[in-house]
Amino acid sequence: MTPWHWAWAMALGLRVRLLLAFALLGVTTTAVVASGSYFQARTVILQQAQDAAVASLTDELSKVYPIVSLPPNQEELDMLAQRLSDREGDAVVRYGDLWAQSVVDESDVLTPELRQEVAGGRIAWQRVDRHGKHLLLIGTQLRFDRSDGTSVPSGVEVYSVRSLDSEQQSIDRLAMLAWVTGGLSLILAVLLALLAARGVLRPVRELGRAARRLGEGDLSTRLTVRGVDELADVARTFNDTAGTLERQVGELRRMEADARRFVADVSHELRTPLAAMTAVTDVLDEEADRLPGDAGQAARLVSQETQNLTQLVNDLIEVSRFDSGTARLALDDVDVAAAVNATLRLRRWADRVETDLPSGVIARLDPRRLDVIVANLVGNAFRHGHEPVSVRLRAEPDWITIEVADHGPGLDPEVLPHVFDRFYKADTARTRSEGSGLGLAIAWENARLHRHAGQPGSLVAGNTPDCGAVFTLRLPRVASETVDAGGVR
């Protein structure tokens, strides 16, 4: 996993998601409740101030209503403005081009919209901000009683200007209270999220650690079941699964051990009669040419099958050593080129193999196991590939590499993953005399027995650019005697 992916996974971890979810829920709830309460309270405060101002203006107007003479002069307008002003607000009175005021500047406060409403004979109000002050403007038009007893608009416009600063301070306090409540709610939501995350993530982390231990092979791993909730059900299910897995794996291991012991015991028991049979086949080989017809052919067939059976038994014994972990290296300083040439000469392959073996390459290896590996690889090339077969040696400071290649059709991609599996044959119709399917598996195990600095040797199968098969053996220049039981193939 790249650092970016790791950081992204951590950013989207369950703890972070719980924190974000709780914080978002807390902030959203607080915002909805606080904003709703704020706007409702603001509306109530302003409406109360507005109603009180309208009631006060109406009460004052009742004292001067109705107008008995028109048009009023400036002195009457000034007197009316003074009578309508009080400690809670100022007054402005207009009639045509005449106007009077108690304190405020009429030209600065009154808005065209408000004046238009009042000129139409209606009571109107408006909230405005002037020079940092919050004001409530209320306007109406006085009526005039005519001699016939009817009442008509007099054209005298009366405006009350009241400050809303105290109400605005109350509203600001409500807003501050909403912000404080939101902050406290966020802190509380985070604390609750941490507590919830701790309660949820602790069993999840325990489950993760237990799963890793189980995956690493500790089948006795169990979880402590706490409570009766869903997480407790998960813990119980994990314990039941681990118990079942432990029993099944134990049974499989017992059966595998019994099978290995059976193969090892049978192989060892067969060595004695095979030794006697080999002595008899040696005699048959000497007499086969002098035996008539079918008798000579039968003698040669018995001799060949006895050799094959002997090789199979020896291979099974070798495999049983790998499985039981008793395979050991007998290390010696080996001239690798000379050892490979000796393997080819012993099997009469020297004239059929192209070699590129630099002299002077010394390695501390097990010469017997090197002989087995090379013999299996070259023999496999002859059986399943085409000549010429080549063997090349390359030396590095700490490792040597031996390549065995042929000019056959190569290895099918479906075969490559199974080349070193035991008893695997690419062609299931192949006769047993062509091989038991253990040679490459034994070569692979022998390569891995040679270790250097904790790293085992390797044997890799592939194809050359010319479509032939190539096997690459990599062994340390100085192998350690650390035992490696190898892997079961």
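What share of the contacts in the chain with a separation of 6 or more comes from residues 24 or more positions apart?

**View 1. Overview of the predicted chain.** Residues 24 or more positions apart account for 64% of the contacts with a separation of 6 or more, a contact being heavy atoms within 4.5 Å. The secondary structure comes to eleven helices and 14 strands, taken as DSSP runs numbered from the N terminus (helices H or I, at least four residues; strands E, at least two). Of the 489 residues, 36% are buried, where buried means under 20% relative accessible area, exposed over 50% and partly exposed in between (1.4 Å probe, protein chains only).

View 2. Helix α11 (residues 439-449) is largely enclosed by the rest of the structure, because ten of its eleven residues are buried. Among them are Trp444, Glu445 and Asn446.

**View 3. Strands β6 and β8.** Strand β6 (residues 332-335) pairs with β8 in the antiparallel sense over four bridges, pairing being assigned if DSSP finds at least two bridges between two strands. Leu365 in β8 is the bridge partner of Asp332.

**View 4. Leu194 in helix α6.** Leu194 lies in helix α6 (residues 165-215) and counts as partly exposed because its relative accessibility is 34%.

Residues are numbered from 1 along each chain as its sequence is written, and side-chain values use heavy atoms, with hydrogens and water left out. In this predicted model, local features need pLDDT of at least 70 and side-chain atom pairs count only at pLDDT 80 or more, while totals for chains, interfaces and linings use all residues.
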